Amino acid sequence: MGKVLRRHWHPIAGVDELERSPTKPIRLLGEDLVLYRDKSGDYGLLDRHCAHRRADLSQGIVEQHGIRCFYHGWQYDATGQCTQQPFEEQVDPAGSLCARTRLKAYSVKPAGGMLWAYLGPFPAPELPDWEAFHWANGFVQVVFSEVPCNWLQAQENSIDPVHFEWTHANWSRRQRDDGAEYVPTHTKLNFEEFEHGFLYKRVCEDTSEEDPLWTIGRVCLWPHGFFLGDHFEWRVPIDDENMLSVTWSFIRVPRESEPYDQQHIPSWYSPIQDSQGNWITTHVINQDIVAWVGQGRITDRTRETLGASDRGIALLRRRLLDDIDAVEAGRDPKGVLRDPPPEGGLYLPSDHREFFLLGLPREAYLRHPKWGRLLTQFIFHAGQPEAVRAACEVATGVPMKRDGLIDL
């Protein structure tokens, strides 16, 4: 499975993180690496430890081109090639040792306010450039959380419609009021495969087959993403027992605030436990995280009891096994893009795409049963920084509520 995941690009940091500090230690797919931005603005991703005496390059000095070890000054470019060895050059003017010294290096590209890494064989596939990254008149933020469980436990959430009814509605209501009524239950599910993953579709007791969640559905984005119209989620493997949760959120500004051109996409880290070590359960993705980590670092699937609602889980697992077979046979796995994306990005189905493209007047927006609440409260992650909240309020012209228990 590691070989499969190395055929894909992974979001690993916010572009603004390296504007605040030019180096960042990264653990990805079981490897310890350093991500950096040099003075020319180029990015690099190298083995975290200098080839000389294994000093930590996340403490290194960025130069015009590349990064220099703070310990003895050995310098590397983005390919991992050593380009300077200050003392060694005095005794070896020909630079034979320098020419032989190279660190492991990987590709890095920016997209959507995030930095993406590719750790696989060449030729590298195209970096996915989704249409939503190009939507106008929206406030975007990127949120990270480190989660102590295997990535697949989280990704299976992306093709599990019924959990919305219980994790994000019934559980929230019972946390607030142990006598609260349960929400309408699911009555019908469907799953369809397409080139970028799977679509799941659902009907509840209070909806019909005319509802966009049935006619359009939501995207289990291959191999480790989720697209819900207004936001993406990715589950990036740190190693076998830990993952990086990445959320890209788009909040459409009201028409009165158009045109809005966001000059800076903020990224921030969301806590998953409070100061007493208790799991945070107030926000949507925090609630998901409690479900994922409760299964253990790597859940024992031989002890599961799957039912009819888990048909999507079975489809996902079978496709992953097919991907393993494909890679072993020298073929690309599902979701690898070889053709450059079209201008304006790759289209994905969205149950309210017209809203994101055209927007609503402020009063109609605030009255909307779904989008109105997203305008007034960041529901996905706890701990939104005040500066990010304030920037969103400036963009939309609408005051936001502070953190509280989310009930969908």
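The paragraphs below lead through a predicted model, starting with a pair of strands and going on to aromatic rings and charged side chains. Residues are numbered from 1 along each chain as its sequence is written, and side-chain values use heavy atoms, with hydrogens and water left out. In this predicted model local features need pLDDT of at least 70 and side-chain atom pairs count only at pLDDT 80 or more, while totals for chains, interfaces and linings use all residues.

Strand 12 (residues 186-194) and strand 13 (residues 197-204) run antiparallel and are joined by 8 bridges; strands pair if DSSP finds at least two bridges between them, and strands (E, at least two residues) and helices (H or I, at least four) are DSSP runs numbered from the N terminus. A hairpin of 2 residues connects strand 12 to strand 13, and glutamate 192 stands opposite leucine 199 in strand 13.

Across the whole structure, a search finds 23 aromatic pairs, where rings of Phe, Tyr and Trp (its six-membered ring) pair if their centres lie within 6.5 Å, with planes under 30 degrees apart counted as stacked, over 60 as edge-to-face and the rest as tilted. Tryptophan 135 and phenylalanine 356 have ring centres 4.9 Å apart and planes at 10°, so this pair is stacked. The pair links distant parts of the chain, 221 residues apart, since tryptophan 135 lies in the loop between strand 10 (114-118) and strand 11 (138-147), and phenylalanine 356 in helix 10 (residues 353-358). Tryptophan 135 has 11% relative accessibility and counts as buried, as does phenylalanine 356 at 1%; buried means under 20% relative accessible area, exposed over 50% and partly exposed in between, for a 1.4 Å probe and protein chains only. Phenylalanine 378 and phenylalanine 380 form an edge-to-face pair, 5.6 Å centre to centre with 85° between the planes, and both are buried.

The structure also holds 24 salt bridges, each a side-chain nitrogen of Lys or Arg within 4 Å of a carboxyl oxygen of Asp or Glu. One of them joins lysine 24 to glutamate 17 at 3.0 Å, N to O, and both of these residues are buried. In another, the closest N and O atoms of arginine 54 and aspartate 47 are 3.7 Å apart; here arginine 54 is partly exposed, with a relative accessible area of 45%, whereas aspartate 47 is buried at 18%. Finally, Glu156, Arg301, Glu304 and Arg317 are linked in a network of salt bridges.
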